[in-house]
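Reader: I'd like a close look at one part of this protein, the open space in its middle region and whatever surrounds it. Could you take me through that part, then on to the strands beside it?

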Amino acid sequence: MKRHIIIFSFLISQFSIGMAQTGTPYIHDPSTIAECDGKYYTFGTGGGGLISENGWSWHSGAERPGGGAAPDIMKIGDRYLCIYGATGGGLGGGHSGRILTMWNKTLDPKSPDFKWTPAVEVCNSDGMEDQDAIDPGMLLDPTTGRLWVSYGTYFGTIRLIELDPTTGYRVSGNKEKDIAIDCEASDLIYRNGYYYLLGTHGTCCDGVNSTYNIVVGRSRSVEGPYIDNVGRDMFHGGGRMVIAAGDRKTGAGHFGRTIVDEGVEIMSFHWEADFDQGGRSVLAIRPLLWKNDWPYAGEQVKAGVYEIESERRGYSLELAVDFVRMQQERQGWFNRDQMQQPVKPVANQTLDEVKGGWPEGNIAVRCSDYMFRPWQRWNITPVPQKGGTITGPYYEIKIEGTNRALTATENLELTTCEFKGDESQLWRIEQLIDGTFRIMPVRIPGQQEPNSRYCIYSAGDSTPTLAEYDFNSDNSKWNFRSH
């Protein structure tokens, strides 16, 4: 929350930079997403928040007392700890701020156990010092069990304090430490021996003119120093870009990390302004990727025609049909006269030239060398109206120019048949932390529960099937190429 705001109004290449969540995902300064009894929750400035049944479609209804700004939420044991800033950030014209914590057994406001404990102050700023107690973010260190909080704005420093994870109180005798400048809305995460400080850089709360973006530094110690990719200390203004504006959305701020599965992570944040939603501030969720132990925002597949390429060998998913040769006027390489003749481009093979030889009914699927032939070109379409998960919308996958859809079968095989909209013909396409994708049917015929285990798996160079997802195997991983 920017220090100078006095009034807050509520409100690829081949891939898209990020499709908007559906429903009414309007929020500012969202907390890290928390799960409670099968639902997802995030809380924002002003006391309200959003709830989702599936992580894709969001609506208002989350409740948090105390008002204030920029909360964070975390489950510790069997309770939920909430931390938030009261005043500060220039709200009301000053920088006198307080940060408070409170607990609840549940986040469901309809539960009989829903009751927030009285808020407890853990730190403050007096409005005179070069610091502003607002925008807290929590980290429960998985290596030590210690609970850390970073907080602060552009008005001064980002500070670090330690809380007791059993009480939510400040650890007795803990002395705050300055760890960064030139950012706000910070968050701490841990991975592979590094602590990461995510900060929001730029200006906020100015709608389509907001320049918010998320930057990062890392350290081997939670107390810093936090250094970026070119050796700059965040205490001297450093920071590597994680995500900036794109796809008619601007002002990325208030990072939160959620681990969905092994190799599947997402980052939540808000866009200060979604141009396609009237410039409103909205919740955003993107894949979180890692390269050389640096985090960056991933991408969701947008509508288009793609080669679906196996990471295992580089072969491509295709219909199991006969190869149809293309006719070409050819000249020997020794014919020097061809150097003086005009070039005649060769047209792509068309669907009409090959589909007459395809069998009726179902056609199986295999992998082979990609030749941009009609039986290898897949039309991928997001269908958010049919649902999704916290990682993105569901997709239809069809052979270009046909209604022949990729379909999961009861015996864990792949086929193609007329698209009827069954859940066995809907797919989760999720970008993994290494940039590849896993492709999972929403439901496998004969199984009672929606599918959460089986993905398209390259059992052999030319043999795709459905098998249990294994992030450590390239058999589970696919790429999408637009040719």
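Author: First, the ground rules. This is a predicted model, in which local features need pLDDT of at least 70, side-chain atom pairs count only at pLDDT 80 or more, and totals for chains, interfaces and linings use all residues. Residues are numbered from 1 along each chain as its sequence is written, and side-chain values use heavy atoms, with hydrogens and water left out.

Let's start with the largest pocket, which holds about 740 Å³ of space. Here's how that is worked out: on a 1 Å grid over the protein atoms alone, a pocket is an open set of points with protein on both sides within 12 Å along at least five of seven lines, while a cavity is a set of points where a 1.4 Å probe fits but cannot get out; lining residues have an atom within 4 Å of a point. Points are joined across faces, edges and corners, and the volume is the space filled by probe spheres set on them.

The lining of the largest pocket comes to 28 residues, and Thr32, Ile33, Arg257, Thr258 and Ile259 are the ones nearest its centre. By type, the lining has 15 nonpolar, 6 polar and 7 charged residues. Several strands give at least two residues each to the pocket lining, including E7 (69-76), E15 (184-191) and E19 (249-261). Strands here (E, at least two residues) and helices (H or I, at least four) are DSSP runs numbered from the N terminus.

Those three names come back at the largest cavity: E7, E15 and E19 each supply at least two residues of its lining. The largest cavity has a volume of about 100 Å³. Its lining has 14 residues, with Pro71, Pro136, Ser186, His254 and Phe255 nearest the centre. They split into 6 nonpolar, 5 polar and 3 charged.

Now stay with E7. It is largely enclosed by the rest of the structure, because 7 of its 8 residues are buried. Buried means under 20% relative accessible area, exposed means over 50%, and partly exposed is in between (1.4 Å probe, protein chains only). E7 runs antiparallel to strand E8 (residues 79-87), with 6 bridges joining the two; strands pair if DSSP finds at least two bridges between them. Lys75 has Tyr80 of E8 as its bridge partner, and Asp72 has Ile83. The two strands form a hairpin with 2 residues between them, and Gly77 in the turn has a positive phi of about 65 degrees.

E8 is mostly covered too, with 7 of its 9 residues buried. Strand E9 (residues 96-104) is antiparallel to E8, and 8 bridges join them. There Ile83 stands opposite Thr101 in E9.

Glu162 sits in strand E13 (residues 157-163) and counts as buried because its relative accessibility is 11%. Its side chain makes a polar contact of 2.8 Å with that of Arg146. A polar contact is a pair of N or O atoms within 3.5 Å; within protein, one must be able to donate a hydrogen and the other to accept it, and residues adjacent in sequence count only if both atoms are side-chain atoms. Beyond its neighbours within four places in sequence, Glu162 is in contact (heavy atoms within 4.5 Å) with residues including Trp148 and Arg170.

Lys398, in strand E29 (residues 392-399), is buried at 15% relative accessibility. Its side chain has a polar contact of 2.9 Å with the side chain of Asn403. Lys477 is in the loop between strand E35 (463-468) and strand E36 (478-481), and is buried with a relative accessible area of 5%. Leaving out residues up to four places away in sequence, it touches Glu309, Glu311 and Asp434, among others.

Finally, some backbone details. The peptide bond from Gly224 to Pro225 is cis, with omega near 5 degrees, and Pro225 is in the loop between strand E17 (213-219) and strand E18 (240-243). Asn292 has a positive phi of about 55 degrees although it is not a glycine, and counts as exposed at 64% relative accessibility.

How values were computed: Ala, Val, Leu, Ile, Met, Phe, Trp, Tyr, Cys and Pro count as nonpolar, Asp, Glu, Lys and Arg as charged, and the others, Gly among them, as polar.
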